[in-house]
Amino acid sequence: MTELENEAWQGFLYTHDRVWREVEGGLAPLGVSMAEYGVMALLGLAGRDGMRMSELARQRLMSSGGFTRLAERLERRGLIKRNQTVEDKRGFVAVLTPEGRTVLRKAWRQQHADLRRLFFDRLDDDDLQDLARIWARLRPDEDSPSS
């Protein structure tokens, strides 16, 4: 790596680790891990119709087995419910329970406060636009060499 590449990479790793740890620490009193929060946040955005389990696993970049175990933990705690899909009896849709929505609202408030303090308040709109552009270029669907 060049010195610039190393500086960029190390900066990303440090920032990721710091933000991750602090956000995770903010969620801990709610009894929610970052992985659980990620799933619950997707379900919150999906609304009352929920989301197919396979789509949740894909969006969280998890194996189906790992995701199933995570979903089982959330279901045992009463935060989500899994229902068979009407059109495909082999598929399942996950939805937040009322308790899950309550926990998610608290988690969203905590995470947003932490992200504001650690990230957003330190950047201006130009910085955020640059980051949004960069993250878009690094998406897996942008793996073509011309990007």
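1. Let's start with the aromatic side chains: Trp 9, Phe 12 and Trp 135 come together as one aromatic cluster. Rings of Phe, Tyr and Trp (for Trp, its six-membered ring) are paired if their centres lie within 6.5 Å; planes under 30 degrees apart are called stacked, over 60 edge-to-face, and the rest tilted. By this rule the model has 3 aromatic pairs.

2. A word on what you are looking at. This is a predicted model, in which local features need pLDDT of at least 70 and side-chain atom pairs count only at pLDDT 80 or more, while totals for chains, interfaces and linings use all residues. Residues are numbered from 1 along each chain as its sequence is written, and side-chain values use heavy atoms, with hydrogens and water left out.

3. How exposed are these rings? Here, buried means under 20% relative accessible area, exposed means over 50%, and partly exposed is in between (1.4 Å probe, protein chains only). Phe 119 has a relative accessible area of 22%, so this residue is partly exposed. Phe 120 is partly exposed too, at 30%. Trp 135, from the cluster, also counts as partly exposed, because its relative accessibility is 39%.

4. Met 1, Trp 9, Phe 12, Ile 134, Trp 135 and Leu 138 make a nonpolar surface patch of about 660 Å². The elements that give two or more residues to this patch are helix H1 (3–27) and H6. Trp 135 itself is found in helix H6. Patches are built from residues with over 30% relative accessible area and no salt bridge; like charges are joined within 9 Å, and nonpolar side chains (Val, Leu, Ile, Met, Phe, Trp, Tyr) within 5 Å. The areas come from the Shrake-Rupley method with a 1.4 Å probe, and for residues only the protein chains shown count as cover. Helices (H or I, at least four residues) and strands (E, at least two) are DSSP runs, numbered from the N terminus.

5. Asp 124, Asp 125, Asp 126 and Asp 127 gather on the surface in a patch of negative charge. For this, Asp and Glu count as negative and Lys and Arg as positive, with His and the chain ends not counted; each charge is placed at NZ of Lys, CZ of Arg, CG of Asp or CD of Glu. Asp 127 lies in helix H6 (residues 125–137) and is partly exposed, at 31% relative accessibility.

6. Next, the salt bridges, where a side-chain nitrogen of Lys or Arg is within 4 Å of a carboxyl oxygen of Asp or Glu. The count comes to 9. Take Arg 58 and Glu 55, which meet at 2.7 Å, N to O. Why are they about one helical turn apart? Because they are 3 residues apart in helix H3 (residues 53–59). Arg 58 is exposed at 54%, whereas Glu 55 is partly exposed at 26%.

7. Arg 82 bridges to Glu 75, with the closest N and O atoms 2.8 Å apart. Arg 116 and Asp 121 meet at 3.7 Å, N to O; Arg 116 is partly exposed at 44%, and Asp 121 is exposed at 53%. Finally, Arg 18, Glu 22, Asp 114 and Arg 117 are linked in a network of salt bridges.
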